[in-house]
Amino acid sequence: MTQRFVQRSHGLAALATLLLLSPALAAQTGRIQRDAEFLRGLAKDLGFVSLAQDEVERLKQTFKDSPDFKSLVELDLDVTLIGARRVPDREARRTLFKQVLERAQEVVQRYANDPVAERARGTLAEACYEYGRFLVEEIAIAEIENPDRIKTLEEEAANVFRTGVDVCDTAMKELRPRAKEGRDEKLTSEYYLLWLRKGILLREHGRAVKKDRPHLIESARNALEELVLEVGEETALGLRGLFEYSICYEVVGDLDEASRAYRDTIEATFKALTSDEVELKGNLATVVVEMMEEAYDHLTTSELAQGKPDQVLLSVAEYRDRMKKLDAKFDDRWGDSIFITEARAMAESGDPAKVAKALEQAREYNARNANNLIGQRAKQLIGDILNTAKGVVSGADLLEVAKGEAQARRYEDAVAGFKRAIASLTPAEEKTLGLVAWHQLGRALAAQERFLEAVLAIRTGLEKYTDAPEDVSSDAAEDLERAMRNLRAQTKNDPYFDALDKDMRQLAATRGGKKSEARLYWDQGLARLAERKWAEAAELFAKVPAGSDYWELSQSRLASALQRAEQLPKAREAITRYREFLKTPLARLPDNRKDLVDRRARTVAEMDFLDGYMIYLEAFGGRQRDKRDPTRFPAVISSLSDYKARHGQVAPDLLAFAYDSLARTYVEMGDIGKAEEMFNSLRQLDAKSTLIPALATRIYSAHEDRAKAAEVEFKGLRDKNAKPEEVKAAQGRLDQARRAALALGVEYLRMPVEHQFEVLTLAMRQAEALQSWDTMLEFGQKIIAEFGTDKTYKERVDKFVKASVGEALLRQLRFREAKDLLVDAEKADPKNYPVKRLLCRAMGGWQEIDARGSIVPVAGLGEAAEAYQKYWDEYRTYALATSRGVQPYSYEWYEFHWECYHFAREAAKKDSKFRDLAQRLYNIARSTDEFATLRTKFGLPGETLYQLFMANQP
């Protein structure tokens, strides 16, 4: 069998793809499915992760209300996890790993028992494994770059593995009853995949935490063994389970048993790939090849650890031969590791030709893996070859060996290695590596707290290699300053070193400029800001040296940190000092430094915004609402109203906050029109601003308050029988307030933001009051779609929102849809009598008078008999209840008798027994005064009922 393997898979992720075909994917529209496949490929095959993420976010916004939205949520997780595996930059990978963990947890919480949450748990478990292994590698790298981080990284790795195990346990518990039924093959596969993940996570947790290793490995073995027995050794999942079980032997040091188990896996996978009886196609074949490669990696590592270099060479040769027969490409992860192990075995052979080949191979894989564990192994190998074959090692090789010693925290050996490397550098090598070697020597000395020697080593490099690249010189100058500061601290500022200190500062300024020290304080200040340690951040920004590239921006950040620390007077002092500085000759900038011009513009923009924002805080009372000072509102407007003209191009992010502050201030001042103007400016500036939802809610609340006030005024005038023109004017003001509130509500409804339930429901009530049924229906359907399954809101949606949507549908004569929703609302609240009335109208119809005075019958569903029975049996008690203030011959009393009469009259057209009931109801209604009360006491509503009674006499 020959098969070209182009697409590389990723362990369990690939196995999961084979075992689970996402139902969400199957349900996607053709376009969404094509886009999803394209974006996965964009991230995985081409490495354009950010581009793929941006496009996924665009699709999520476009299809937010579509059934495909959940599948796009899953696609978002897939692309982010692909990026976390593939992106070369380690900090970017860390960020992506954290993102996928956070987003997967959000999906699980948001969608609860939905299938998408179940699949997200699987992704979360996979991400925990991947991130945990990444952190284990980070620990090794931190040993040289920042040893203080090691303990934190170890704890973080343990936490990540624990999270993964907990996720697997929770998901398995929920899936177990359905998985055991065996009726859903995909669900059963997902259950077993979680089981496998749990075993692996337990094992890797044991690898990371030595003190807990025995019981963790035992737990891992039990989980994996039970899984294999459950699914069978002959299955793809069973084969993977056996392989993962084999690695447990390696973790506890039983290399003989591990090697035998790895060989079994290799033979089983190769047999499956070459068998004429079983044909593996596509991704399944890719997964099996990958498993074989991974087994070869573990096998050769174990054989080398057992002191069997010749056997290693045979195993690697077999690996190459079999990959050639399969026409498969080497996976970078397993192949690079296998070939470094092979180089180690060749180096131990003593054969000069093999040693030379081993050195060449070590150089190649060190260059390809400079910052990971494979690179460290390559450096160690070069170092070992140095001891037996010095003639073939260059100064560059010696430098790499010394770096490996430093990464392994063997600093004494590193110091000796760097010195040998420096002595061996050729003139050509010195041009590119001279300063690097002296700098690295200084860092190794500093790691031993030999700060004086470190200072002298780095100084030598900076003085000798003046043509070194700027970035290399800057880094060395920064470490020179750091070493000098540590020397002063170590010697308790002994005056003996004052002259040296002065010279080193001058050298650092010459080669690295003030950028070195300035950047240090700047970076530390930003870090404290991120940690919300405002006072510490202010102290660090205050230390940024004047005249450095970072100084001006540090002054605005200093003022901002002081403001956040609630030290407003000191913040204002910092702003004043900076503004005074701008008036001096020292503030003049060189004509050729556009970067400094841009930084100054940004600094001035930040200072001006902060000045106005502090007035805003004082006006609103900050965290202490009881200290509000409304007299400051005009000053807020004065300080920020022209911010766009002054700084809009330089600081659009701060312009957004300025708009937000202005809008909120206008609301407090009662000028909702200006508030909306600022709100619309914010939307035009950044339609995705996180400020928009909360600001929309605040302005809508102001509209709602105004509408409530207008309603109180209207009802007051109406109830005290004010002049008709006064009542009409109040009605106009009420309608205007409602329309204004509804207009903003409609804008908010259509924004691509996370909506607030209360705002949508209040806006829907305004639409109802204005009898804007289309708009009311739009709000109601959005509320049901976004909140109908949310535990927090479900009861209110079922009881009230569905009732309102049912009424809107009824007004649009969509009787069947209306009845279905109203039935749901009645089930949710059997005592909601207005819903019962609406149901009766949906079934039995009604009559109304149009603008020309003509009576228009509305048939409903033609279920008048059922409507009459429900109206009489269930609604009557409520409709005529004296506890509600209903008295005989009141408007409500007449209304009940009219509607009941209408249902009976319509029912009599099909069943004559209703004729007498209708006659009786009509007689009761007219019995006192021939409906005269209706015409004289209840205004237009009473006149309408009178006309209906007269036009429908028995």
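Analyst: Let's start with a term: a residue is buried under 20% relative accessible area, exposed over 50%, and partly exposed in between, using a 1.4 Å probe on protein chains only. Lys-836 is a case in point, buried at a relative accessible area of 7%. One caution: this is a predicted model, in which local features need pLDDT of at least 70 and side-chain atom pairs count only at pLDDT 80 or more, while totals for chains, interfaces and linings use all residues. Residues are numbered from 1 along each chain as its sequence is written, and side-chain values use heavy atoms, with hydrogens and water left out.

User: Okay. How many salt bridges does the structure hold?

Analyst: There are 72 salt bridges. What counts is a side-chain nitrogen of Lys or Arg within 4 Å of a carboxyl oxygen of Asp or Glu. Back to Lys-836: its partner is Glu-874, and their closest N and O atoms are 3.0 Å apart. Glu-874 sits in helix H40 and Lys-836 in helix H39 (residues 833-844), so this pair ties together parts that are 38 residues apart in sequence. Helices here are DSSP runs of H or I with at least four residues, strands are runs of E with at least two, and both are numbered from the N terminus.

User: Lys-836 is buried. What about Glu-874, buried or partly exposed?

Analyst: Glu-874 is partly exposed, with a relative accessible area of 32%.

User: Which residue forms a salt bridge with Glu-412?

Analyst: That's Arg-450; their side chains meet at 3.6 Å, N to O. The pair links distant parts of the chain: Glu-412 is in helix H19 (residues 411-424), whereas Arg-450 is in the loop between helix H20 (427-447) and helix H21 (451-464), 38 residues away. Both ends count as partly exposed, Glu-412 at 48% relative accessibility and Arg-450 at 23%.

User: And what does Arg-816 meet in a salt bridge?

Analyst: The side chain of Glu-863, at 3.8 Å, N to O. Arg-816 belongs to helix H38 (residues 815-828) and Glu-863 to the loop between strand S2 (855-858) and helix H40 (864-879), so the contact ties together parts that are 47 residues apart in sequence. Arg-816 counts as partly exposed at 42% relative accessibility, while Glu-863 counts as buried at 17%.

User: Which residues are linked in a network of salt bridges?

Analyst: One such network links Arg-133, Arg-203, Glu-204, Arg-207, Arg-240, Glu-244 and Glu-294. Click through those seven names in the viewer to follow it.

User: You mentioned strand S2. Which strand is joined to S2, and by how many bridges?

Analyst: Two strands pair if DSSP finds at least two bridges between them. Here, strand S1 (residues 846-849) is joined to S2 by 4 bridges, and the two run antiparallel.

User: Where do residues other than glycine take a positive phi?

Analyst: Glu-566 is one of them, with phi near 65°. Glu-566 lies in the loop between helix H26 (551-564) and helix H27 (568-581). Glu-930 has a positive phi too, near 55°, and lies in the loop between helix H42 (913-926) and helix H43 (932-937). Glu-930 is exposed, with a relative accessible area of 52%.

User: How do I read the faces of a helix? Which residues of H25 are buried?

Analyst: In helix H25 (residues 534-542), the buried residues are Trp-534, Ala-537, Ala-538, Leu-540 and Phe-541. Looking down the axis of H25, these fall within an arc of 165°, so they line one face of the helix. The arc is that of the directions from the helix axis to the C-beta atoms. Turn to the face away from the buried side and you'll find the exposed residues Glu-539 and Ala-542.

User: Last one: how many residues apart in sequence are Leu-456 and Ala-483?

Analyst: They are 27 residues apart in sequence and 9.7 Å apart in space, C-alpha to C-alpha. Leu-456 is part of helix H21 and counts as partly exposed at 32% relative accessibility.
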